[in-house]
Structures are given as C-alpha cells and as structure tokens.
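Please keep the sequence and the model in view while reading.

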Amino acid sequence: MRTSELVEAAEVFVGGRFVPAIDGTRADVIEAATEQVMGRVVLGGPADIDAAVTAARAGTRAWSAVPPATRAALLDRYAAALDARAEETARDVSRQNGMPITWSRVVNGHLPGTLVRYYADLIRGEVPVDVRPGLRGVRTRVEHRAVGVVAAITPWNYPQALAAMKIAPALAAGCTVVLKPSPETSLDAYTFAQAALDAGLPPGVVNIVPGGREVGSHLVAHPGVDKVAFTGSSAAGKQIGETCGRLLRPVTLELGGKSAAILTEDVDLPTYLKKILRVSLPNTGQTCHSSTRILAPRSRYREIVDAVTDTVRSFRVGDPLDERTQIGPVVTAAHRARILNYIEAGRASGARITTGGSTPTTKDRGWYVEPTVFADVDNSMTVAREEIFGPVLCIIPYADEDEAVAIANDSEYGLAGTIWTPDEERGIALAQRIESGTVGVNHYGLDPAAPFGGMKSSGIGRELGPEGLNAYLVTQSIYLPAPRGARSNTVGGDRT
Ligand code: NAD
C-alpha cells in the first residue's frame, strides 16, 4: 500500500542535528510509477556544504581518536538502527526510482546494515603494532590513520547501497563524512541521519546535504575535504578526477559500464536465463554492472536470440511496490526519453528488435519502457558502445573465443562482465582475459568482502573488502634508530 502522505525532508543534517538550509531551495520528489508528487526535499546550497564540512572537520579528531573496539561497538548500533528502518527505506527508494521492491529490500533495505557490520568487524580485532626491521639495523613503525573528512557523492540508482559503500568503511577508518545524495533520491538518504541519532554517533560524524551537481562540485573542491568518494557517470567522474588531480586530493571513482556476458558454444542456456534478470537487467537495467551486451556463438545464435527474447518478453512489468514486479518504471521522464532515443538509434542503425522497443500500451502513468532486445547488433553501433542505463539488451554474434574476448574488451568501459560455461576452469581463464575490475563465472553479485571497481573509463580505486577500508586510511612511516645496544649501520654511524 502506498500512502498519500507527503514525505517531507525540509532540513539538512549537519553536526548531528536537522537544521534549516542556509541557502537551500525546495524541490518536489516525483514518484516514478505514478508521476505524482510523493514528497518534498530541501536541496542545499554552497553555504550548507560549508557548514557540513566545518561540522565534519570539527568531528574528525575526536572520532578518529575513539579506540577501534569502541568505534566498532558504535557501528554495530548504527547497523542495527539502519536494519530497523530497512523496510521503510526500501519502499522509499522504490517509490523514488522505480526499483522493484524485492530487489530494493536486498540492496537498499539490508545491505547498508550488513556493510556497516562488516567494516565494524574488520576494525574490531587487536591490530599488532607494525614495527618493521629495516635493512640497515634500523626500524620503521608503520601507522595507518584516518584520511580525514570524506566527501561522498552518490547517484540515484542504488542510493542506499552506494552511500553505505562509502560511509561504512569511512566511519570504520575513523573518518567523518559529508554525503551529497542525488536530488532524485534524497528522501531515503535521511535514514543515515536518523540511524546516526538512534545509535548515538557523535555529532559531525555523518552530515547530509542533498543537492545538484553545482553543490557537488563545490563539495569536491572544498578546502576542508581530504578525500572524495564518487559514484556516478563517467562524464562527471572525469570532471571530479580533474579537480582532485589539481588539488592532489585522493579520490575513488566508481563510474559507468557496458559489460558483456559471454555465452560459450557449450553454454547451458537455462543457467544464464535463470539469472538474466539479476545479471543483465537488474533494477530495470539501471545498474552500472549490468551485462547488457550478450555475446552469442554463431553456432547457436538463433537459439540464443529466441530464448533470450522469450525470457525477456515474459518479465512482469509493473508497480515497483508489487512483490511480483520484475521490471519497474525508470527514474524520470527525462531518463525514459533518453532510453527511447537509444532504442531509435539502434533501430536506425539496422539492429533488429525482437521484443519491446517502446513504452508499454498497458500503462497510462509511470515512466515505463518495455524490456527490449536487439539482435544482429554490431559492436560498433551506438547501442553497443554507450551506456543506455535502461531495460535494453544487445545480442552480438561471435565466431570463436578470441573474437568474443576482443568484442568484450572493445569498450571504453571496464567495470564488469560475465562468462557462462559448464566448465568453471575455462570460465576463469576467459575471465582473466577480460579488461574489467570484476567478472562473474555463471553468476554475478557484489560481495561485501571482495573489492569492486572499474578499469578504463569505469573508474579508479576499489570499494568493498579490506581494500575499501584502505581507501580511507593514509599510511605514515615513523623511522626509529636501531634498538639500544644493537649494532647500527645507518647513515651517520654508517659502516657502508
Ligand atoms: P551523475 O554522474 O549524473 O550523478 C551522480 C551524482 O554526482 C549525483 O549526486 C550528482 O548530483 C553528482 N554530480 C554530477 N556531476 C557532478 C560534478 N561535476 N561534480 C560533483 N558532483 C556531481 O550520474 P547519475 O545519472 O546520477 O547515475 C548514473 C550513473 O552512475 C551511470 O553512469 C552509472 O553507470 C553510474 N554508476 C556507477 C556505479 C559504480 O559502482 N561503478 C554504480 C552505480 C551507478
């Protein structure tokens, strides 16, 4: 059931309090399935970012000095507070961006708490002091300390998961965060604020200022920020990377993708088809790691085209809050227009639509696009090269394994990909030839304990896993002389 009550987020969250925005504007939040106003949010301005960065700076020394075991206990409480709000959060996201609720529960409802607990566990154990014997009798004590104030900027497609992939390791490392969520999905972002209050996190540890790209740019370049963690388009990522390069500011960039699913000539097709929704069309295709280019061996091309077409045609398109829905609406009217333009471009370039290709005639409201399959696609076509970010698949024929690998790698992106083969060893060998940060063999799914990120235009750096924690730490080497009484041959008492 959806309620007709408007969800109001009239304030920004700065220094542990909800406060009126200093130079904000109010914006309506439109529900993707109904095109109705479902809430109102305040979008902050530069002065709000300044206030949030000041609060984060004020909080960073105390937070980083909290002993890791105490920090971990507080993070456990934070995870529990996020869990307690999981259902409400999942629904808020689905209403804003159209994500089918069953998937939203997993990635928006439960993943944030899971990630916070995972990083709490990573810092809980006693870490022995790392004193390394030097080559010349001396010693170095290697310290890992919090990088400081983190600017976290997130897109609308997985707003909770992507924010948690930054907030959880940053807080565990002892950093404080200013989160700037996307205007399309700002309402759910306040879960991180309310849970921070419930858990008793100190003021300034988590700060939230929704806003558009100008506000995002202001945050990225802010002198009080020590590190930027960004997820979004490659175009925005390149601009942010330039700014961070100029400022020599550490940055993690998780960007776009155009990944390939390679089906080998002996593929067990039902194995792929059973997972195609989660692997190639998750969140109605609005997912950076979707395997949207399906590479099919010529020997089985027609069979694969028919089977993929039948499966995609069978998907239930509907209200994202309906448990049975597999494909929801896309996030906005503008995004739907963009996807439909890509479909027209595919048609015009000679690709063959085998199902879909328009908006569903059964829906008079909501930003729906029919799940669409293009066959006879050449990898040089726009639909095979650019990230469509909607429910559109391209099936590309290949002659042999080398050609399949060449097509998969012939992309400016390198985020993900999948291999479908009965022979796991062959799958791993093929995966090792793919130029992307992650590859799945007969499966694809982010694992909180394993690093995730891109190559080429898909980004720089890694999130998740212990690598995701390292991204929020800086190392310092403290050089110490040889222990008393030991023979030293350092410069000064040099024997070399
Ligand atoms: P977007 O780049 O337009 O916006 C993302 C966020 O960045 C928003 O909060 C936006 O306000 C902000 N922003 C935009 N330009 C900015 C700038 N110059 N400086 C600072 N902030 C700026 O992306 P989107 O349309 O919201 O999201 C879709 C994109 O995100 C797709 O390309 C998708 O592949 C990518 N994505 C990548 C991953 C990943 O982990 N690699 C995950 C999800 C989405």
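## Helix H10

Which residues of H10 are buried? Taking buried as under 20% relative accessible area with a 1.4 Å probe and protein chains only, they are Tyr-301, Ile-304, Val-305, Ala-307, Val-308, Thr-309, Thr-311 and Val-312. Their cover includes strand E13 (259-263), helix H9 (269-280), strand E14 (291-297), strand E15 (352-355), strand E16 (372-375) and strand E17 (392-398), where contact means heavy atoms within 4.5 Å.

The model is predicted, with local features needing pLDDT of at least 70 and side-chain atom pairs pLDDT 80 or more, while totals for chains, interfaces and linings use all residues. Residues are numbered from 1 along each chain as its sequence is written, and side-chain values use heavy atoms, without hydrogens or water. Helices (H or I, at least four residues) and strands (E, at least two) are DSSP runs numbered from the N terminus.

## The sheet

Seven strands form an open sheet with mixed pairing, in the order E15-E16-E17-E14-E13-E19-E20, pairing being at least two DSSP bridges between two strands. Because E15 and strand E20 (440-441) are at the edges with a single partner strand each, one side of each has no neighbour in the sheet. E13 and E14 pair in the parallel sense over four bridges, and Ala-260 stands opposite Arg-293 in E14.

## The largest cavity

The lining of the largest cavity comprises 19 residues, with Ser-259, Ala-260, Ala-408, Ala-416 and Ile-434 nearest its centre; a cavity is a set of points on a 1 Å grid over the protein atoms alone where a 1.4 Å probe fits but cannot get out, and lining residues have an atom within 4 Å of a point. E13 gives the largest share of this lining, three residues.

Definitions and conventions. Buried < 20%, exposed > 50% of the residue type's maximum accessible area, 1.4 Å probe, protein only. 1 Å grid on protein atoms, 1.4 Å probe; cavity = no way out; pocket = protein on both sides within 12 Å on 5 of 7 lines; lining within 4 Å.
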